[in-house]
Amino acid sequence: MTSYRGQPGRSPLRENLAKSSVPVVSTAFRPIDKGELAKNPFRVFTSMLATDDPRFFPPDLQRRLKQFIGERTIFSEELLELADRAAAESGLEASAADQLIDLATKAFELNPDPIDEQWCFELEAISAVASDIGGVRYTHINHLTPRVLDIDALYRKMEDRGITMIDEIQGPPDWDGPDILLRQTSFRALDEPRTFRFSDGSIGEGPLRVRFGEVEQRGIALTPAGRELFDRMNGEVDEHLASGTPGTRVELARGVWEKHLPRTEKGLRGQGLAYFTYEVVGQAEPGDYTAEELIDAGALRPEPIVYEDFLPRSAAGIFQSNLKEEGTRDNEQEGTSYDLHSLAEIIGRDIIGVP
């Protein structure tokens with residue numbers, strides 16, 4: 001593999017990431033206790049608009065955007081008080097809990113208030129994601145993501161039903177080996193009629209593309225060594241695409257996967273590339289054994305740990321595929337750096353995994 005450290009400006013990986021980037025930093029809120037996660041495996045995928053990123057927002061627009069966001073009220077005081085009570089008291093009585101759910105649900109409904117058309121489409125010219133998050137005075141859920149076991153079969157069946165899917169499944173390719181990390185696809189967002197306030201002050205109806213459907217197939221979580229290999233493989237695929245190697249991205253990726261990645265879960269364990277838990281299911285004769293020897297003897301059963309996070313590049317591909325236009329960005333500017341510490345400071349909450 002070519003090292004990109006010495007010449008980042010020429011890297012196919014860097015160039016492709018710049019082209020596919022969108023001005024958001026995303027995280028997920030979900031249970032972390034094993035028992036709670038088993039009861040409630042859902043996560044709320046939340047996108048924060050990266051208003052400080054100069055690739056997308058010049059200084060004057062940054063100022064106006066921050067002012068617009070700072071002046072809006074998304075959640076009512078009553079809802080926030082109930083949420084604070086629930087957190088402080090580790091729950092609520094039934095009537096208050098019902099009220100919390102009712103208020104929270106309504107907070108995410110599409111609001112009928114008129115949208116400022118000029119402001120909304122000024123942001124949309126940069127990125128439809130920016131318009132979706134920062135162009136309205138309320139919030140909403142823009143997609144749900146059911147999990148499936150065979151995303152390729154679903155993709156084919158959706159197309160057979162006449163549903164317009166994005167061009168390809170995002171993430172790792174389908175191949176004859178263990179599923180790793182996350183594969184995603186979606187059907188395209190549709191234009192929906194919304195109420196706008198136009199520049200002349202009149203009120204009328206117009207189209208807005210907001211909501212789409214996403215599907216995921218989750219694989220095995222990778223160790224740091226596994227993630228490093230994953231990044232190298234993606235870089236190799238980008239090199240093939242940039243050099244004109246025949247084949248689609250998925251076909252090229254399949255070949256790279258077959259060259260570098262073990263074909264079995266045992267191979268992933270042996271090379272320390274993926275995470276597993278182990279359950280004692282039998283006994284072995286006294287002696288010194290490796291974990292693999294105990295597995296072969298039937299004393300231990302390995303269970304792969306499912307990847308619970310997101311892949312930024314795949315998520316960007318999903319977003320970009322559902323936009324009306326490519327948008328604009330100044331790739332000569334250096335993007336704003338966000339890490340776990342800065343994200344924790346922004347949301348005002350500790351994030352699991354931050355040392």
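Q: Which residue stands opposite Gly 213 in β8?
A: Leu 144 does. This is a predicted model, by the way.

Q: How do β4 and β8 pair, parallel or antiparallel?
A: β4 and β8, residues 212–218, pair in the parallel sense. Two bridges link them.

Q: What sheet is that part of, and in which order do the strands come?
A: An open sheet of three strands, in the order β4-β8-β5. Its pairing is mixed. β4 (143–144) and β5 (182–187) stand at the edges with a single partner strand each, so one side of each has no neighbour in the sheet.

Q: Which helix lies across β5 and β8?
A: Helix α8, residues 151–160. Helix α8 runs at about 10° to β5.

Q: New topic: β6. Which of its side chains are buried?
A: Strand β6 covers residues 191–197, and its side chains alternate. Glu 192, Arg 194 and Phe 196 point to one face and are buried.

Q: Which strands does β6 pair with?
A: β3 (residues 115–116) is joined to β6 by two bridges, running parallel. Ile 115 in that pairing stands opposite Phe 196. β7 (residues 203–209) is joined to β6 by seven bridges, running antiparallel. There, Thr 195 stands opposite Glu 205.

Q: What sits between β6 and β7?
A: Five residues, as the two strands form a hairpin. Gly 201 in the turn has a positive phi of about 90°.

Q: What does Leu 261 touch?
A: Trp 175, Ile 180, Leu 229, Met 233 and Leu 268, leaving out residues up to four places away in sequence.

Q: Last one: where is confidence lowest in the chain?
A: In helix α1, residues 12–20, with a mean of 42. Over residues 1–20 the pLDDT is below 50. For the chain, the mean pLDDT is 83, and 88% of residues reach 70 or more.

Methods:
Residues are numbered from 1 along each chain as its sequence is written. This is a predicted model: local features need pLDDT of at least 70, side-chain atom pairs count only at pLDDT 80 or more; totals for chains, interfaces and linings use all residues. Side-chain values use heavy atoms; hydrogens and water are left out. Two strands pair if DSSP finds at least two bridges between them. Helices (H or I, at least four residues) and strands (E, at least two) are DSSP runs, numbered from the N terminus. Contact means heavy atoms within 4.5 Å. Axes are lines fitted to C-alpha atoms, for helices over the stretch in contact, and angles run from 0 to 180 degrees between N-to-C directions. pLDDT is the predictor's confidence in each residue, from 0 to 100. Buried means under 20% relative accessible area, exposed over 50%, partly exposed in between (1.4 Å probe, protein chains only).
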